[in-house]
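Thank you all for making the time this morning.

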Amino acid sequence: AHSGALRAVARECIRRCKEKESERSLSPSAIESILDAFARARFYDTEALEALLVRAVGLFDADPCWKTTDREICAPTVTAVGTEVPVSPFRFSGLNKMCKSLLALRLVDAEFFNDVADYALC
């Protein structure tokens, strides 16, 4: 039952990662949550995971010391009443959560882990 819902999430991730930057783009917290859900369910979709990792690396352009991410890197989300909510860059706890999720899925992507380390050390 869950795999059907997760397949739909995977397809939506792929679609959103291919779009231009907008309020519908995946934020750092969304990527963390999706990877965590995939890991907990042991759901492995190669194309979706690749899209999520590419999106995450693109978000590493944000300055981790700032409270919010530049809108060119990640557009703010917009509430149902039209209020913009700025997006926070990845924090160490989020990086840790993503890496643990990937390890739980037995996805050891050395290039991604090196990118995470570079981002964490900047």
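What you see is a predicted model, in which local features need pLDDT of at least 70 and side-chain atom pairs count only at pLDDT 80 or more, while totals for chains, interfaces and linings use all residues. Residues are numbered from 1 along each chain as its sequence is written, and side-chain values use heavy atoms, with hydrogens and water left out.

Let me start with helix 1, residues 2-18, whose 17 residues reach 25 Å from the first C-alpha to the last, close to the 24 Å expected at 1.5 Å a residue. That expected span is 1.5 Å times one less than the number of residues, and helices (H or I, at least four residues) and strands (E, at least two) are DSSP runs, numbered from the N terminus. Within helix 1, Leu6, Ala10, Cys13 and Ile14 are buried, where buried means under 20% relative accessible area, exposed over 50%, and partly exposed in between, with a 1.4 Å probe and protein chains only. Seen down the axis, the buried residues of helix 1 fall within an arc of 95 degrees, so they line one face of the helix; the arc is that of the directions from the helix axis to the C-beta atoms. These buried residues pack against helix 2 (28-41) and helix 3 (46-59), contact being heavy atoms within 4.5 Å.

Which residues have the most contacts inside the largest nonpolar core? That core has 34 residues, and those with the most contacts inside it are Ile31, Phe38, Leu52, Phe60, Phe90, Met98 and Phe112. Helix 1, helix 2, helix 3, helix 4 (92-104) and helix 5 (110-121) are the elements that give two or more residues to this core, and helix 3 gives the most, with 7 residues. By a nonpolar core I mean a set of buried Ala, Val, Leu, Ile, Met, Phe, Trp, Tyr and Cys residues joined through side-chain atoms within 4.5 Å. Phe112, leaving aside its neighbours within four places in sequence, is in contact with Leu53, Ala56, Val57, Phe60, Met98 and Leu102.

Turning to the rings, a search of the whole structure finds 6 aromatic pairs, and rings of Phe, Tyr and Trp (its six-membered ring) pair if their centres lie within 6.5 Å, with planes under 30 degrees apart counted as stacked, over 60 as edge-to-face and the rest as tilted. Phe60 and Tyr119 form a stacked pair, at 4.8 Å centre to centre and 20 degrees between the planes. Because Phe60 lies in the loop between helix 3 and strand 1 (77-78) and Tyr119 in helix 5, the pair ties together parts that are 59 residues apart in sequence. Both Phe60 and Tyr119 are buried, and together with Phe90, Phe112 and Phe113 they form one aromatic cluster.

Next, the two arginines. Arg42, in the loop between helix 2 and helix 3, has a positive phi of about 55 degrees although it is not a glycine, and it counts as exposed at 57% relative accessibility. Arg106, in the loop between helix 4 and helix 5, has a positive phi of about 60 degrees, again without being a glycine.

Lastly, the structure holds 0 disulfides, a disulfide being a pair of cysteine sulfur atoms within 2.5 Å. For Cys74, the nearest cysteine sulfur is that of Cys17, 11 Å away.
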